[in-house]
Amino acid sequence: MKCALVRPSGEVVHTERHPTGAARGPAAVVDTVLDIAEGLADKARADGLTPVACGIAVPGVVDEATGTAVWSANVGFRDVPLRDLAAARLGLPAALGHDVRVGGLAEARLGAGRGTTHVLFVAIGTGIAAAHVVAGSAAAGAHGAAGEIGHILVRPGGPRCGCGRPGCLEAVSSASAIARRYAELAEASRADAASDGARPAVGVVTAANVAARAAAGEELAGRVWREAVEALADGLATGQALFDVQTIVIGGGLARAGGQLLDPLRAALRERMTFHREPRLVAAALGDEAGSLGAALLALDSLE
Ligand SMILES: [Zn+2]
């Protein structure tokens, strides 16, 4: 859990990190969230600050209107009224948001999308999810599940996605999909060449390893990286057809590849634009603090 004390200006005055301990079950995680929030409010007062609101963001399906963590595969939340629990514990107004949507909110208002009104934030890590931010506000959808760009179908009959369907964007272009695809192909080519009997096992490979090997000119890594970029461009082109944004901000672990990701992605996206305007494609600027900042913004917005 990444936590922060944030001034209304967006200035971060204190940060903390705590283990989620998801294996303890959702009730224990909720207790920990409330304990940490209370501790942060106490810390603020001890430092002569006045806490005015509490923002919390969680993964999964989040109903922001009722402040309910509806569903989360990672933490096991099922209809947890987290906003009201936090408000009761802290005696402060509280807001509950979705991790990627609040990250997008922060990037759009304070980070890489600053100065533009229509922003699509796309987080690429173990999965792929997005936030569509218009005039500083991220739409949550009718059921709290807007922005699931990772489940756009880009490769019918392709690799099976965690959602159960073959060919979703995140089954091809997420960091975990890139690592998996490379390991499969490398293992297959090793098996083909096994007659020399001396080839080492492929071992554990990350998307960052694949990026490094592609940059060093390794053919197989280059192919896997290109395939991922092409599929990502298909997904972003669909996003642009739907949302017509000025800026697409790429965040999450894969964005650390920088120009190696953004340069070919920009070119591939440009090829796919017909009458749509090409968006500016940039890397996220706020790093790990985007979520805490966005949760704070959401809490401040809820006071208005
Ligand atoms: Zn899917």
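First, the ground rules. The model is predicted, so to speak of a local feature I need pLDDT of at least 70, and side-chain atom pairs count only at pLDDT 80 or more, while totals for chains, interfaces and linings use all residues. Residues are numbered from 1 along each chain as its sequence is written, and side-chain values use heavy atoms, with hydrogens and water left out.

Overall dimensions. The protein has 9 helices and 12 strands; these are DSSP runs numbered from the N terminus, helices being H or I with at least four residues and strands E with at least two. Its C-alpha trace spans about 70 × 50 × 35 Å along the principal axes. For 304 residues, a compact globule would have a radius of gyration near 19 Å, and the 21 Å of this protein agrees with that. That radius is taken over C-alpha atoms, and the globule rule is 2.2 Å times the number of residues to the power 0.38.

Of the 304 residues, 44% count as buried. Buried means under 20% relative accessible area, exposed means over 50%, and partly exposed is in between, with a 1.4 Å probe and protein chains only. Among contacts with a separation of 6 or more, 62% come from residues 24 or more positions apart, a contact being heavy atoms within 4.5 Å.

His 151 and Cys 168 are 17 residues apart, both in the loop between β10 (137-138) and α4 (170-173). Is each of these two buried or exposed? His 151 is partly exposed, at 27% relative accessibility, whereas Cys 168 is buried, at 0%.

Ser 174 is buried, with 2% relative accessibility. Leaving out residues up to four places away in sequence, Ser 174 touches Ile 124, Gly 125, Thr 126, Gly 127, Ile 128 and Leu 169.

Next, helix α7, residues 219-243. Its 25 residues should span 36 Å at 1.5 Å a residue, and the end C-alpha atoms are 36 Å apart, which agrees. The expected span is 1.5 Å times one less than the number of residues. After α7 comes Asp 244, with a positive phi near 50 degrees. Asp 244 sits in the loop between α7 and β11 (247-251) and is partly exposed, at 46%.

Most residues other than glycine have a negative phi. Ala 135 also has a positive phi, near 50 degrees. Ala 135 lies in the loop between β9 (128-134) and β10, and is exposed at 61% relative accessibility.

Last, Arg 7, in the loop between β1 (2-6) and β2 (12-17). Arg 7 is partly exposed, at 37%. Beyond its neighbours within four places in sequence, Arg 7 contacts Val 13 and Leu 49.
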